[in-house]
Every structure is written in structure tokens, then in C-alpha cells.
Amino acid sequence: MEPENLTATSKFILLGLSKENDIQPLLFWLFLFIYLVCIIGNLLIILAIGSDSHLWTPMYFFLSNLSFTDICFISTTVPKMLVNIQAQNKSITYEGCVTQMYFFMFFSGLDSLLLTVMAYDRFVAICHPLRYMIIMNPYLCVLLLLLSWLICLAYSLLQTLMFLRVSFCKKTEIPHYFCELAQMLKLACSDTHANDILLYCVTGLLGIIPLSGILFSYSKIINSIVGISSARGKYKAFSTCGSHLSVVSLFYGAGLGVYLTSQTSYNSREGSVASVMYTVVAPMLNPFIYSLRNRDLKQVLRRLFHSTGDRSQCDNIKMDT
């Protein structure tokens with residue numbers, strides 16, 4: 001089949017997670033439930049942090065940005081999949097595919113960099129507690145956030161511009177539920193050698209460097225915790241970074257699982273199922289991990305729910321009178 005550049009009317013076919021028509025309603029309601037839980041959970045964290053001045057600290061500043069990023073991250077893939085299942089139409093336009101791919105790369109990279117910045121924040125809080133507010137001043141926090149955004153913008157834009165040079169054959173079927181760059185390059189009819197090199201180099205840098213920064217931070221944190229004499233002091237120090245460590249393990253563990261599956265499995269559909277953990281389950285679980293393991297956040301959320309309940313009771317009394 002002769003390769004040609006896709007036009008605005010050209011479409012890809014997203015094969016999704018399963019070809020079985022019988023389980024499509026189950027997939028729809030399952031992913032709709034996960035999506036709503038993720039959105040509501042992360043919005044509650046943002047609302048809780050914004051409503052209590054005691055949480056206006058660097059750690060919670062980055063946590064609120066991580067919650068916002070998770071909302072955007074899951075929104076790049078799940079809504080389109082739900083629409084396709086409901087409409088029984090698996091097509092996606094070329095422009096829609098490129099847009100989805102750009103934002104997926106941007107928010108996945110931003111997730112990784114924010115987790116690295118949060119690891120540095122915990123390192124300063126535990127290893128240099130007396131200088132914490134001096135080092136992690138508002139200017140540095142905004143600078144780190146802005147730098148993370150700029151890096152991801154440049155990386156995603158570079159990958160997308162390189163992708164626009166690739167040609168495809170007509171009626172291209174994607175064995176996935178969203179447009180992933182690695183899968184798209186496998187389906188190209190033109191030479192993708194330069195794209196493959198760029199993908200592996202940039203992905204390696206954005207994966208290895210942040211992970212190395214996280215591991216270095218936690219090696220220093222562990223050394224500091226070991227040096228604490230009291231058991232209560234050790235527990236208090238570890239509890240401040242336990243939630244972050246759990247999220248990091250989930251994020252990078254799921255990402256590593258997706259990579260290993262794509263390298264060892266010849267069935268692309270198995271890779272798409274494995275990527276659900278990385279793209280859907282991880283953003284959904286993050287609010288539960290932080291809210292259940294963080295005492296301050298639990299107290300604010302509890303007060304938030306109680307105040308909402310009291311307000312609704314007052315409204316009902318006024319209506320009765």
C-alpha cells in the first residue's frame with residue numbers, strides 16, 4: 001500500500017481494549033466510574049488545600065498542582081474512549097490524534113517532574129528542617145513549577161513536530177485505546193528512524209534523570225531518618241514522605257510495567273491493557289493515597305464535609321420555616 005500524508009478528512013481507528021461487543025457496556029460504566037472518582041477526588045484535594053491557610057505550604061502547593069495534572073492527564077484519554085464506546089464509533093481524526101498525543105506526552109512528563117520536585121521538597125524538609133522555609137521560598141516554588149511546565153512544553157512540541165513529518169497508509173488501525181506515540185510510529189509507512197532515536201533519548205532523559213533525582217533525595221532522607229534517636233521522631237519523619245513514596249512507586253512501577261510489556265509481548269492489546277494502570281488507575285488512586293495517609297489533609301476534608309452538611313441542614317430548616 002502506497003504511503004501518503006494524511007489530510008484533515010483522514011482518520012485512524014482505535015481498536016480499544018477489547019473487540020468483544022458484549023463487554024463494551026461494562027467497560028463504559030467501569031471507566032466512567034474511575035474517571036468520575038479521579039476527577040472528584042483530585043478536585044477535593046485542590047479545594048481542601050485552597051480553603052485552609054494552614055496548608056499553604058510548598059508541599060501542598062506542589063500536591064495541588066499534581067492533582068490538577070492528574071485531572072488533565074486522565075482527561076486526555078478516557079473521555080474519547082467513552083465517547084467511542086457509547087457511539088460505537090472507534091474512529092479519531094488525524095488532528096484529534098495529534099492533539100491527544102501532544103497533551104498525553106505533556107501531562108505524563110509533568111507528572112514525572114512534579115514528583116521529582118516533591119521529592120526535593122521532602123529532602124529539604126527532613127534533612128534541613130530549620131532552613132526549610134528559607135530554601136523552599138515562594139519564588140523557588142513558582143520557578144520550579146514554571147521550569148517543569150516549560151520543559152514539558154518543549155519536549156511535547158518537539159516530539160509532535162517530528163511526528164508531523166511521518167506518513168501513514170490509509171485506514172490505519174491503532175491497537176490501543178488512545179494515540180500513543182510509540183504505537184503510532186510502528187504503524188507508519190515512512191522512515192521513522194529519526195523519530196525513534198528522539199523518542200528513546202528524550203523519554204530516557206525525562207525518565208532516568210527525574211527518577212535518579214528521586215532516588216538521590218530518598219537516599220539522603222533515609223540517612224537522616226536513621227540518624228534520629230527516638231522511634232517517634234523516625235515515624236514522624238517517615239510519615240511526612242510516605243504518601244509521596246507510595247505515589248512514586250505506583251507511577252514508576254506502572255510505567256515500567258507498560259515498558260516491559262511492550263518490549264516482551266507481541267500482542268499489542270496486552271500492552272494497552274497494561275497501560276491502563278499507568279494512565280487511568282494511578283491518577284485515580286493518588287487522591288486516596290494522600291488523603292488516607294495525610295492527617296492534616298484528612299482533617300481539612302472532614303471539616304469541609306461537615307461544613308457542607310451543616311450548610312445543607314440550615315437551608316432545609318429555612319425552607320421548612
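Q: In which sense does α1 pass α3, left-handed or right-handed?
A: α1 passes α3 in a left-handed crossing. A crossing is left-handed if the near helix is turned anticlockwise from the far one by less than a right angle, and right-handed if clockwise. Helices (H or I, at least four residues) and strands (E, at least two) are DSSP runs, numbered from the N terminus. Before we go on, this is a predicted model, in which local features need pLDDT of at least 70 and side-chain atom pairs count only at pLDDT 80 or more, while totals for chains, interfaces and linings use all residues. Residues are numbered from 1 along each chain as its sequence is written, and side-chain values use heavy atoms, leaving out hydrogens and water.

Q: At what angle do α1 and α3 pack?
A: Two packed helices are described by the angle between their axes and the distance between the axes. Axes are lines fitted to C-alpha atoms, for helices over the stretch in contact, and angles run from 0 to 180 degrees between N-to-C directions. Here α1 (residues 24-51) and α3 (residues 78-87) pack at about 150°, with axes 10 Å apart. That makes α1 roughly antiparallel to α3; angles under 35 degrees count as roughly parallel, over 145 as roughly antiparallel, 65 to 115 as roughly perpendicular and the rest as oblique.

Q: Which residues make the contact of α1 with α3?
A: Contact means heavy atoms within 4.5 Å. From α1 come Q24, L27, F28, F31, L32 and Y35, and from α3 come V78, P79, M81, L82, I85 and Q86. By class, ten are nonpolar, two polar and none charged. Ala, Val, Leu, Ile, Met, Phe, Trp, Tyr, Cys and Pro count as nonpolar, Asp, Glu, Lys and Arg as charged, and the others, Gly among them, as polar.

Q: How do α1 and α2 pack, and at what angle?
A: α1 and α2 (residues 58-75) pack at an angle of about 155°, with their axes 9 Å apart. That makes α1 roughly antiparallel to α2. Their crossing is left-handed. Residues in this contact include Y35, C38 and N42 of α1 and Y60, S64 and D70 of α2. The contact divides into twelve nonpolar, four polar and one charged.

Q: Where do α2 and α4 stand relative to each other?
A: The axes of α2 and α4 come within 9 Å and cross at roughly 165°. The two helices are therefore roughly antiparallel to each other, and their crossing is left-handed. The contact includes D70 of α2 as well as D111, D121 and R122 of α4. Its residues are 14 nonpolar, three polar and four charged.

Q: How many aromatic pairs are there?
A: A pair of aromatic rings is described by the distance of the centres and the angle of the planes. Rings of Phe, Tyr and Trp (its six-membered ring) pair if their centres lie within 6.5 Å; planes under 30 degrees apart count as stacked, over 60 as edge-to-face and the rest as tilted. The count comes to twelve aromatic pairs. One of them, F104 with F178, is tilted, at 4.7 Å centre to centre and 40° between the planes.
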